[in-house]
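Trainee: I would like to learn how to read a model feature by feature. Can we work through one together?

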Amino acid sequence: SVPIADAFAAVSPTIPLNQWLPFRVTRAAGTGGTYVIRDNTGVTRDPRGVTTPPGNIAETFEFRAVDRDLRTPFVQQWNLGVQYEVTKNLLFEARYVGTRGRNLLQAVAFNQGYDLNDPSTPDHIYERFNQAYVAAGSPNGPLNAGATARQRGLGRAFGFANPYRVGASASCAGGVLGGVTGAPLDLNLANPITCAGSTLGGGQIINFEARVPVLGFNVPEALLLQSNGESIYHGAQFSLTKRLSRGLQLNAAYTFSKSIDTSSTDPGSTAGSGKPDVPNTGFVVQGDQRDLDGNRAPSDFDRTHRFSLNFVYEIPTFGATNWLARGWQVSGFFQAQTGTPYSIFAPEPELQSAPQYADLVRGSGGLYRLGFGRPSLCDGATLDDLRGQGTDITEDAFNAGALCSALGQNGGLGRNVLRAPSQSRFDLGIVKTTRLGERFSLEFGWDVFNVFNRANFAAPDSELGSPDFGRITNTVGGPRVMQFRTKLRF
């Protein structure tokens, strides 16, 4: 309904950027009015020609900044090892390796909004809504008497009963709100939940961008590069090496380790598992931006166990002297390792109305609309319950039934609490070398990659709301592949 000829004529292109600020909160008239953010342009009609209050409904700024106290990251490394010659051609080695990172770079969303139910929310945040409420004509009656903005606006500008905050299903019968007796007061509600016939109405949640410290800046996309990340790695490494003797060469290695950090990918990396319209895991740190230590968990690349074995064996002739018995060699490579950790998250969840508190996707951090919202475990459920898998791991990689809405908060389910399936593969090569005189030899080879045709599964889709949530749709590495080769040496 916007005429294309003058679609952009509502705002003069000559208005300097600084005059778009400061943004402000306004409220629509009526008892069911909600809060919106408008800019400072003074525009009084939208692109459709409809008259509006002064200022456009604002699109908040995406923003990038560097902390003025940014420090140089540094890494400390240490190791201690011992070697022991078991026999003349057999060497055993044990080693401890440690690495610690400090002042590591992290991109933090500095404009995370407040939960108005939190007593520590600054009083000037409540005053925003009181002023917008009075400017709209005080539709629910005059403000209360009180010493704080929170007290004056309670039940007028904000703060109404919300049965959904305790995870219940509200009902409406005969115009009376049912559900939970003594429903908790929810200061994030802009208007009361009402009943009309059998329909629940109202109960709009104050916009997350209106509850932020600095009006006008986006939440998940207003970022500050800081040097407050940390990491630690401990590893026990064991190896057994057999030098070539009696036709056999062998090397076996095993590592038992743990890597822990607060964020695993370089900020701003385009290789951090990002998807269109979904936050890039390397771009903004996960979870509550006011509790970065809550992200301390196994690194995205952590592998608790890793074993590898490679060998080359010259097959003896057992006394035979003909050309067919001589020149056979077999070689192989085997590797097995633990799968990598992963998190369950909702990308930029947002709560807009009271019933959505109980929704698993929107309720997982939806009061804040951060880049990554996490759910909680249901009452009585444990991590072991969540880690339970179905008979077909590709369809049920974990027990999604153990997950419940965090009721708008950053859920109690930690970062990287689940782990992808373990992976292994075995490659084998057989070579026959035949000498053709003193200067030439002919080599025939047969190589088999992934001999047992093992399907090594990647991590499942862990994005709440995705149609493939809980399913494994990718593998790591390829299927069994064979190749034959011939080589002439001269």
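Trainee: Let me start with charges. Which residue forms a salt bridge with Asp300?

Mentor: First the general idea. Side chains of opposite charge can pair when their charged atoms come close. Keep in mind that this is a predicted model. Here the partner of Asp300 is Arg415, and the closest N and O atoms are 3.2 Å apart. Arg415 sits in the loop between β21 and β22 (418-419), and Asp300 in the loop between β14 (297-298) and β15, so the pair ties together parts that are 115 residues apart in sequence.

Trainee: Is Arg415 buried or exposed?

Mentor: Compare its relative accessibility with the cut-off: buried means under 20%. Arg415 has 5%, so it counts as buried. Asp300 has 26% and counts as partly exposed.

Trainee: Which residue pairs with Asp302 in a salt bridge?

Mentor: Arg419 does, with the closest N and O atoms 2.9 Å apart. Asp302 is in the loop between β14 and β15 and Arg419 in strand β22, so this bridge ties together parts 117 residues apart in sequence. Asp302 is buried, at 2% relative accessibility. Arg419 is partly exposed, at 29%.

Trainee: How many salt bridges does the structure hold?

Mentor: It holds 17. One of them joins Glu443 and Arg489, with the closest N and O atoms 3.2 Å apart. Glu443 is in strand β24 and Arg489 in strand β25, 46 residues apart. Bridges can also share partners: Glu443, Asp447, Arg485 and Arg489 are joined into one network that way. Within it, Glu443 is buried at 9% relative accessible area, while Arg489 is partly exposed at 40%.

Trainee: Now covalent links. Which residues form a disulfide?

Mentor: Look for two cysteine sulfur atoms within 2.5 Å. Cys378 and Cys404 qualify, with their sulfur atoms 1.9 Å apart. The structure holds one disulfide. The torsion about the S-S bond is about 95°, so the disulfide is right-handed. Cys378 lies in the loop between β20 (376-377) and α3 (383-386), and Cys404 in strand β21 (residues 403-404), 26 residues apart. Cys378 is buried at 14% relative accessibility; Cys404 is partly exposed at 29%.

Trainee: What about the backbone? Which residues does a cis peptide bond join?

Mentor: Check omega. For Leu21 and Pro22 omega is about 0°, a cis peptide bond. Pro22 is in the segment before β1 (24-27). Then check phi. Arg246, a residue other than glycine, has a positive phi near 50°. Its place is the loop between β12 (217-245) and β13 (248-261), and at 85% relative accessibility Arg246 is exposed. Asn453 also has a positive phi, near 55°. Asn453 is in the loop between β24 (440-449) and β25 (481-489).

Trainee: Which residues form a nonpolar patch on the surface?

Mentor: Tyr313, Ile315, Phe318, Trp323, Leu324 and Trp328 do, with about 660 Å² of accessible area together. Take Phe318: it lies in the loop between β15 (305-314) and β16 (328-337), and is exposed at 73% relative accessible area.

Trainee: Last, the overall form. What is the radius of gyration of the protein?

Mentor: Set the value against a reference. The protein has 32 Å, whereas a compact globule of 490 residues would have a value near 23 Å. The C-alpha atoms fill a box of roughly 105 × 55 × 50 Å along the principal axes. The protein has three helices and 25 strands. Buried residues make up 41% of the 490 residues.

Methods:
Residues numbered from 1 in each chain as written. Predicted model: local features only at pLDDT ≥ 70, side-chain atom pairs only at ≥ 80, totals over all residues. Heavy atoms only, no water. Helix = DSSP H or I, 4+ residues; strand = E, 2+ residues; numbered from the N terminus. Buried < 20%, exposed > 50% of the residue type's maximum accessible area, 1.4 Å probe, protein only. Patch = residues over 30% accessible without salt bridge, like charges linked within 9 Å, V, L, I, M, F, W, Y side chains within 5 Å. Areas by Shrake-Rupley, 256 points an atom, 1.4 Å probe, with all protein chains shown as cover. Salt bridge = Lys/Arg side-chain N within 4 Å of Asp/Glu carboxyl O. Rg over C-alpha atoms; globule rule 2.2 N^0.38 Å.
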